[in-house]
Amino acid sequence: MFKSDALFGNKEDALRKDFRSPSPIPVSNPLPAAARAPLAEAPKPEAPRGVGDSKGSKLIVGPDIKLKGAEITDCDTLVVEGRIEATMDSRVIQIAQHGVFSGTAGIDVAEIHGSFEGELTARKQLVIHATGKVTGKIRYGKLAIEEGGELSGDIAVLTAGDTGRKELPRPLMGKPLAAPG
């Protein structure tokens with residue numbers, strides 16, 4: 001007659017099997033390696049931004065945005081993809097290929113792919129890429145221009161004592177101002 005134990009095995013045989021057998025079952029994982037990170041490693045929270053933080057505050061003016069008559073302060077990085085007419089004192093300005101900045105800017109580093117028109121003081125470095133055009137009164141610490149980049153106007157290198165920062169005139173301490181003549 002028919003024995004079911006022969007086909008399906010005996011329950012006792014199944015219990016005796018060592019589950020640490022040498023033939024593991026291959027498993028394909030469709031997730032990328034980055035997504036298969038162990039669950040025990042949770043992402044670390046970001047540290048609060050401090051004075052020495054290299055990322056700092058960033059303002060991005062998008063491609064279809066026009067900003068007029070603004071004074072931009074306390075902005076570490078300004079990214080211009082649209083059009084800005086403003087004055088600013090900052091660390092970095094990045095003007096995209098179709099971006100335009102018109103006005104006065106005192107900054108550490110300027111990276112120009114688009115257009116700058118006005119008064120620019122790049123205290124550390126001015127970089128004009130092949131599609132960049134800078135016109136006006138230009139002062140810089142170091143200058144790099146790619147082939148095709150344009151620079152025109154009143155151009156001068158900053159001297160060691162010139163920081164490019166505008167300060168209000170101060171009276172001389174302890175001395176009265178002399179009358180002309």
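Trainee: What is the relative accessible area of Asp 154?
Mentor: This is a predicted model, in which local features need pLDDT of at least 70 and side-chain atom pairs count only at pLDDT 80 or more, while totals for chains, interfaces and linings use all residues. Residues are numbered from 1 along each chain as its sequence is written, and side-chain values use heavy atoms, leaving out hydrogens and water. Buried means under 20% relative accessible area, exposed over 50%, and partly exposed in between, with a 1.4 Å probe and protein chains only. Asp 154 counts as partly exposed, at a relative accessible area of 42%.

Trainee: Which side chain meets Asp 154 in a salt bridge?
Mentor: A salt bridge is a side-chain nitrogen of Lys or Arg within 4 Å of a carboxyl oxygen of Asp or Glu. The partner of Asp 154 is found at 3.1 Å, N to O, and is Arg 139.

Trainee: How many residues apart in sequence are the parts that Arg 139 and Asp 154 tie together?
Mentor: Strands (E, at least two residues) and helices (H or I, at least four) are DSSP runs, numbered from the N terminus. The side chains of Arg 139 and Asp 154 form a salt bridge. Arg 139 is in strand E8 (residues 133-145) and Asp 154 in strand E9 (residues 150-157), so the parts tied together are apart in sequence by 15 residues.

Trainee: Is Arg 139 buried or exposed?
Mentor: The relative accessibility of Arg 139 is 18%. By that value, Arg 139 counts as buried.

Trainee: How many strands does the chain have?
Mentor: Along the sequence the pattern reads α-α-β-β-β-β-β-β-β-β-β. The secondary structure comes to two helices, and the strands number nine.

Trainee: How many bridges pair E4 with strand E6 (residues 100-112)?
Mentor: Two strands pair if DSSP finds at least two bridges between them. E4 runs parallel to strand E2 (residues 66-72) with six bridges, and Met 88 is the bridge partner of Ile 72. On E6, Gly 103 stands opposite Ala 86. The pairing of E4 and E6 is also parallel, and its bridges number seven.

Trainee: Which residue meets Asp 108 in a salt bridge at 3.0 Å?
Mentor: Asp 108 is buried, with a relative accessible area of 14%. A network of salt bridges links Asp 89, Asp 108 and Arg 123. The side chain that meets Asp 108 at 3.0 Å, N to O, is that of Arg 123.

Trainee: What is the relative accessibility of Ser 90?
Mentor: Ser 90 lies in the loop between E4 and strand E5 (92-95). Leaving aside neighbours within four places in sequence, Ser 90 has contacts (heavy atoms within 4.5 Å) that include Cys 75, Gly 106, Asp 108 and Arg 123. Ser 90 counts as buried, at a relative accessibility of 5%.
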